[in-house]
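Hi,

Here is the structure for you to look over. My notes follow below it.

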Amino acid sequence: MSRTVQRDDDSRAHRVADTFRQLFGGAPDGVWAAPGRVNLIGEHTDYNDGFALPMALPQTTLLAARTRTDGRLRLHSAHGGGGTTELAVAELAPGAVPGWAGYPAGVVWALAEAGHPVGGADLHFDSTVPSGAGLSSSAALECAVAVAYDELYGLRLPGPELARIAQRAENAFVGVPCGIMDQMASVCCTAEAALHLDARTPEDHRQVPFGLEGRGLRLLVIDTRVTHDLGDGAYAALRAGCERAAALLGLPALRDLPAAELPKALPALPGDLVPLVRHVVTENARVEEAVARLREGDVAALGPILTAGHASLRDDYRVSCPETDLAVTAALDAGALGARMTGGGFGGSVIALVEAGRESAVGGAVTAAFAAAGHRPPHLLEVTPAAGARRLGPPAGTR
Ligand code: GLA
């Protein structure tokens with residue numbers, strides 16, 4: 001970890017611990033951090049038991065936490081409008097906790113549902129992960145609770161199990177039918193690497209070296225500020241379409257259709273399912289190809305793979321939107337090596353791989369293209385592959 005990241009983490013940990021003291025009285029038992037993510041390639045493949053290649057962001061959700069012995073859960077967020085939500089762990093039930101508090105409460109519920117001996121806690125959150133930008137702010141929130149509870153209640157669960165618990169919270173408690181990629185990225189990523197995820201067996205994930213600095217490359221995130229909402233039904237409909245296609249093909253999941261068999265399989269399917277299947281199968285192949293290039297140390301070769309992935313999401317899966325398409329085109333026209341929307345789609349963010357020194361030219365070109373099209377200015381972030389969820393404190397001398 002670089003010295004600057006370490007210093008930032010330390011001073012943010014101090015700040016959340018201070019706020020915790022003001023809110024709840026006394027010091028927290030600890031401070032934990034869980035990152036947001038971008039996915040490099042492998043989109044809408046996780047719920048098809050397929051492959052993905054996410055990396056964790058330097059942007060994190062911080063959680064100052066302390067156990068309680070009375071079974072109460074008190075939740076406060078620096079971004080939650082000021083109030084503290086108070087709940088009884090024993091009374092947690094799916095759908096019963098609205099708004100942001102549903103995500104952390106859902107993790108406590110999912111741990112208890114899985115039979116783990118967990119009780120109450122005081123929790124204060126503060127986050128630098130932009131929300132609604134397709135960068136997995138919800139997974140960061142969930143995974144911060146998962147790692148904190150794991151330690152506070154002595155559970156010692158492996159990372160993929162914590163990711164499963166967090167996904168279960170989102171699926172069953174909040175009601176969003178997401179796959180496991182975001183939670184796996186938030187828990188299991190390591191710095192300077194992307195995570196090669198096999199969603200069928202998340203415990204078999206591998207770290208793939210993804211050092212950008214040494215290769216003279218940079219990764220830009222362009223947040224289009226078009227808010228995506230996975231709960232709006234479109235994601236669930238796509239997921240259901242994929243499951244129907246797999247059933248028609250007599251396969252457990254679309255992951256089981258090899259790319260070489262696509263030409264034979266597609267004509268047997270109803271027309272509306274053809275582009276979905278084509279996307280998932282070719283996207284899985286793109287993940288494998290990207291991993292092979294990265295293992296050879298050819299990071300720049302990722303560029304065309306990203307761009308091909310975007311074309312497939314735009315033309316076959318149809319989850320891009322005018323703003324993400326424009327960001328990709330403008331970035332490529334300004335010399336980006338590759339660009340694509342990242343995450344679930346319907347807005348959110350675009351990633352662009354650029355040569356060092358081209359960041360401002362590419363960012364400026366996208367901003368100008370947005371202005372010319374009458375869109376709100378995008379938010380630009382330069383990111384590096386960061387570490388997954390971890391304990392930060394308590395900082396020395398605060399307890
Ligand atoms: C969202 C979901 C993930 C995954 C992506 C699309 O981020 O939370 O599980 O399905 O969309 O790849």
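In which hand does H3 pass H4? The crossing is right-handed, meaning that the near helix is turned clockwise from the far one by less than a right angle.

First, the ground rules. This is a predicted model: local features need pLDDT of at least 70, side-chain atom pairs count only at pLDDT 80 or more, and totals for chains, interfaces and linings use all residues. Residues are numbered from 1 along each chain as its sequence is written, and side-chain values use heavy atoms, with hydrogens and water left out.

**Helix pairs**

Helices are DSSP runs (H or I, at least four residues), numbered from the N terminus. Axes are lines fitted to C-alpha atoms over the stretch in contact, and angles run from 0 to 180 degrees between N-to-C directions.

H3 (residues 137-152) and H4 (residues 159-174) have axes that come within 9 Å and cross at roughly 130 degrees. Contact means heavy atoms within 4.5 Å. On the H4 side, Leu162, Ala166 and Glu170 make the contact.

H8 (residues 274-295) and H9 (residues 302-317) pack at about 170 degrees, axes 10 Å apart. That makes them roughly antiparallel (over 145 degrees).

**Ligand**

There are 13 residues around the ligand (a heavy atom within 4 Å). Glu43, His44, Asp46, Asp182 and Tyr235 come nearest. A polar backbone atom of His44 is 2.6 Å from a ligand oxygen. A polar side-chain atom of Tyr235 also lies 2.6 Å from a ligand oxygen.

Best wishes

Methods
Helix = DSSP H or I, 4+ residues; strand = E, 2+ residues; numbered from the N terminus. Polar contact = N/O pair within 3.5 Å; in protein donor to acceptor, adjacent residues only side chain to side chain. Parallel < 35°, antiparallel > 145°, perpendicular 65-115°, else oblique.
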